[in-house]
Protein chains: 2
Amino acid sequence: MQPVREVARSSKVDLLFHALGDSNRRRMVDRLADGPASVSELAAVLAVSKTAIGQHLAVLEEAQLARSTKVGRVRTCQFDPAGLAPLQDWIDYHRQEWNGRLDRLDDLVSAIGSKEDCP
Amino acid sequence: MQPVREVARSSKVDLLFHALGDSNRRRMVDRLADGPASVSELAAVLAVSKTAIGQHLAVLEEAQLARSTKVGRVRTCQFDPAGLAPLQDWIDYHRQEWNGRLDRLDDLVSAIGSKEDCP
DNA sequence: CGTTTAGTGAAGTTCTAACTTCACTGAGGA
DNA sequence: TCCTCAGTGAAGTTAGAACTTCACTAAACG
């Protein structure tokens, strides 16, 4: 499936957040997390055209959140949870930054504390 | 800071993915994760107008990823890492779904295995 | 065969997110 | 006091995302 024309998204994180930023695509992921589904089935679940599903699928595949294979005339779509990794990394990084700041704050507090211990 | 008019975003996850779906807002978060900053400073870092920062800030605040207070004439913005929690929950849920599926696959495999043990 | 069904490509519509500029308010110096 | 600087509100522009419909291909099946 060729990607629909869109603005250049530099990083994987960019692709991921953009892909998941759309609620219909998240609904698609929700459905796929429960097992594979065809384009028609997804179209029925989301109540949109099959064409729309094709376009959403392209975005999800580009973000590596989904894969699909066509056998006969039906295309089966699958969720690819490994694609979530960069997202998890992004969160971890920012959580770590925060912890780091807290640690530095602790250090500061201890430093002040030990200073006060001195006459 | 009053929110800029936008489409209804039902859930927190919705707000979060939308907020972080924009690369400039992520750059803002990146900067703020490193410590508080004023609107002017953020505008300088991102190379956009202060008005634009105000708008981005409103989105980040609505998603509870940032907080800001105005003292005198300068507004100081802070990153709020606790706001990431619903995002982490979303990821955990989908990762769990996957593990669940793997577990069920394991069960299936064991079931088949024990079946083959029988004559 | 012919007909239904699954999906795709192309093209057009609509809506809105992300900006801008301009005009303004109000805080803080010189 | 006057001037500058930080930020905000209003309004307008623009690019592109998310859809649609229509026309088509090709598989499945009576």
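Here is a walk through a predicted model with two chains, from the fold of chain A to the contact with chain B and then to some details of chain B. Because the model is predicted, local features are given only at pLDDT of at least 70 and side-chain atom pairs only at pLDDT 80 or more, while totals for chains, interfaces and linings use all residues. Residues are numbered from 1 along each chain as its sequence is written, and chains are lettered from A, with ligands numbered from 1, in the order in which they are written.

Let us start with chain A. Its secondary structure comes to five helices and three strands, where helices (H or I, at least four residues) and strands (E, at least two) are DSSP runs numbered from the N terminus. Along the sequence these elements follow the pattern α-α-β-α-α-β-β-α. Of the 119 residues in chain A, 25% are buried; a residue is buried if 20 or more other C-beta atoms lie within 10 Å of its own, exposed if 12 or fewer, and partly exposed in between, with C-beta atoms placed from the backbone. Among the contacts in chain A with a separation of 6 or more, 52% join residues 24 or more positions apart. Two residues are in contact here if their C-beta atoms, placed from the backbone, lie within 7 Å.

The three strands of chain A make an open sheet in the order β1-β3-β2, with antiparallel pairing; two strands pair if DSSP finds at least two bridges between them. At the edges are β1 (37-38) and β2 (66-71) of chain A, each pairing on one side only. β2(A) pairs with strand β3 (residues 74-79) of chain A over six bridges in the antiparallel sense. Helix α4 (residues 50-62) of chain A lies across β2 and β3 of chain A, at about 125 degrees to β2(A).

Now turn to where the chains meet. The contact takes 16 residues from chain A and 16 residues from chain B. On the side of chain A that touches chain B, α1 (12-20) and α5 (85-117) of chain A each supply at least two residues. The largest share of that side, seven residues, comes from α5(A). By class, the side of chain A that touches chain B has eight nonpolar, five polar and three charged residues; Ala, Val, Leu, Ile, Met, Phe, Trp, Tyr, Cys and Pro count as nonpolar, Asp, Glu, Lys and Arg as charged, and the others, Gly among them, as polar.

In chain B, three strands form an open sheet in the order β1-β3-β2, and the pairing is antiparallel. The edge strands are β1 (37-38) and β2 of chain B. Strands β2 (residues 66-71) and β3 (residues 74-79) of chain B pair over six bridges. B:Thr69 stands opposite B:Thr76 in β3(B), and B:Val71 has B:Val74 as its bridge partner. β2(B) and β3(B) form a hairpin with two residues between them, and B:Gly72 in the turn has a positive phi of about 65 degrees.

Next, follow the helices of chain B. The axes of α2 (residues 23-32) and α3 (residues 39-46) of chain B come within 10 Å and cross at roughly 120 degrees. That makes α2(B) oblique to α3(B), as angles under 35 degrees count as roughly parallel, over 145 as roughly antiparallel, 65 to 115 as roughly perpendicular and the rest as oblique. B:Asn24, B:Arg27, B:Met28 and B:Arg31 in α2(B) meet B:Leu42, B:Val45 and B:Leu46 in α3(B). By class, this contact has four nonpolar, one polar and two charged residues.

B:Gln64 counts as partly exposed because 17 C-beta neighbours lie inside 10 Å. Leaving aside residues up to four places away in sequence, B:Gln64 touches B:Asp80 and B:Gly83.

Methods:
Axes fitted to C-alpha atoms, helices over the stretch in contact; angles between N-to-C directions.
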